[in-house]
Amino acid sequence: MTHIVTADNEGSFYCRAVSGELNYKKGQYVCGRGCPCFVKCGGGEFICRYKEEEGEPLLFPRVEGLDQQLYKAYAFAAAAHRGQVRKGTDIPYFTHIITTMNYAMELTEDREVLTAAILHDTVEDTPVTIDEIRQGFGERVAFLVEAETENKRHDRPAADTWEIRKQESLLRLRDMPREVKVITLADKTANAESLVRERRLCQEVCWDKFNQKDKLKQEWYFRESANMLKELSNTSVMEQYLAYIDEIFVTV
């Protein structure tokens, strides 16, 4: 576990990228190409540039050599998602951003698409507005983030609107450009990975924590998303996504 600089006997360690505590024994590590604390070294491997410092840990690390546009997006998203956790867990939400980037970087080297991948949930799940994204990161990044932003219908309970929201997002996705689909596939593969880890630890995913508690409807959405993303069928990420959802929804 070379991504861990220090860990206690229970496997807990402090991750600067998420500004919080993770536990590698529970699969709560996110390191890889998308982690801002990681840099590439010889042989195609990655090393963690994390170094403990005296005093309070920084909200977000400054990593030598990190692309400045990506650093700006990471720092912006880390601040926007600060204090948020993954549904039904105490895992910092920013782990999802890093995992999404891991997959996005397998699909593209386009810096604006990668920037939007980092920012993809800021408008949907935080007080950040699309105008702030446009002012800070430009028109194309704003378009990509807005394309990823679901109308949450905050005037109604989320469970009541889940199905119509997902149907709308699928119909919208079908005609979106490839760049949007890259971010969507990376996002959904990151979500599927999280569920697979939960299933491996607990033998089953606890659907009760979600707005949609019906496992069959969840499976419909995961698989229909793959159909709408078939433009990316011949990619390693799509292959991984399909493997994940097969594992999630296999009958025990």
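**What the terms rest on**

Reply: Take Ala7 to begin with: its relative accessibility in this predicted model is 37%, and so Ala7 counts as partly exposed.

Me: Why is Ala7 called partly exposed?

Reply: Buried means under 20% and exposed means over 50%, with partly exposed in between. The value for Ala7 is 37%, which lies in between, therefore the label is partly exposed.

Me: Where is Ala7 found, and what does Ala7 touch?

Reply: Ala7 is in the segment before β1 (12–15). Leaving aside residues up to four places away in sequence, Ala7 touches Ser12, Phe13 and Tyr24. The C-alpha atoms of Ala7 and Asn23 are separated by 8.2 Å, with the two residues 16 apart along the chain.

Me: How do you know that α5 and α6 are in contact?

Reply: Contact means heavy atoms within 4.5 Å. On the α5 side the contact is made by Ile130, Ile133, Arg134 and Phe137, and on the α6 side by Glu139, Val141, Ala142, Val145 and Glu146. These residues divide into 6 nonpolar, no polar and 3 charged. The two axes come within 7 Å and cross at roughly 150°, and the crossing is right-handed.

Me: What makes Ile133 stand out in the largest nonpolar core?

Reply: Ile133 and Phe94 have the most contacts inside this core of 74 residues. Helix α8 (residues 178–202) gives the core its largest share, 9 residues. Not counting residues up to four places away in sequence, Ile133 touches residues including Phe76, Leu119, Val123 and Val145.

Terms used
Residues are numbered from 1 along each chain as its sequence is written. This is a predicted model: local features need pLDDT of at least 70, side-chain atom pairs count only at pLDDT 80 or more; totals for chains, interfaces and linings use all residues. Side-chain values use heavy atoms; hydrogens and water are left out. Axes are lines fitted to C-alpha atoms, for helices over the stretch in contact, and angles run from 0 to 180 degrees between N-to-C directions. Helices (H or I, at least four residues) and strands (E, at least two) are DSSP runs, numbered from the N terminus. A crossing is left-handed if the near helix is turned anticlockwise from the far one by less than a right angle, and right-handed if clockwise. Ala, Val, Leu, Ile, Met, Phe, Trp, Tyr, Cys and Pro count as nonpolar, Asp, Glu, Lys and Arg as charged, and the others, Gly among them, as polar. Buried means under 20% relative accessible area, exposed over 50%, partly exposed in between (1.4 Å probe, protein chains only). A nonpolar core is a set of buried Ala, Val, Leu, Ile, Met, Phe, Trp, Tyr and Cys residues joined through side-chain atoms within 4.5 Å.
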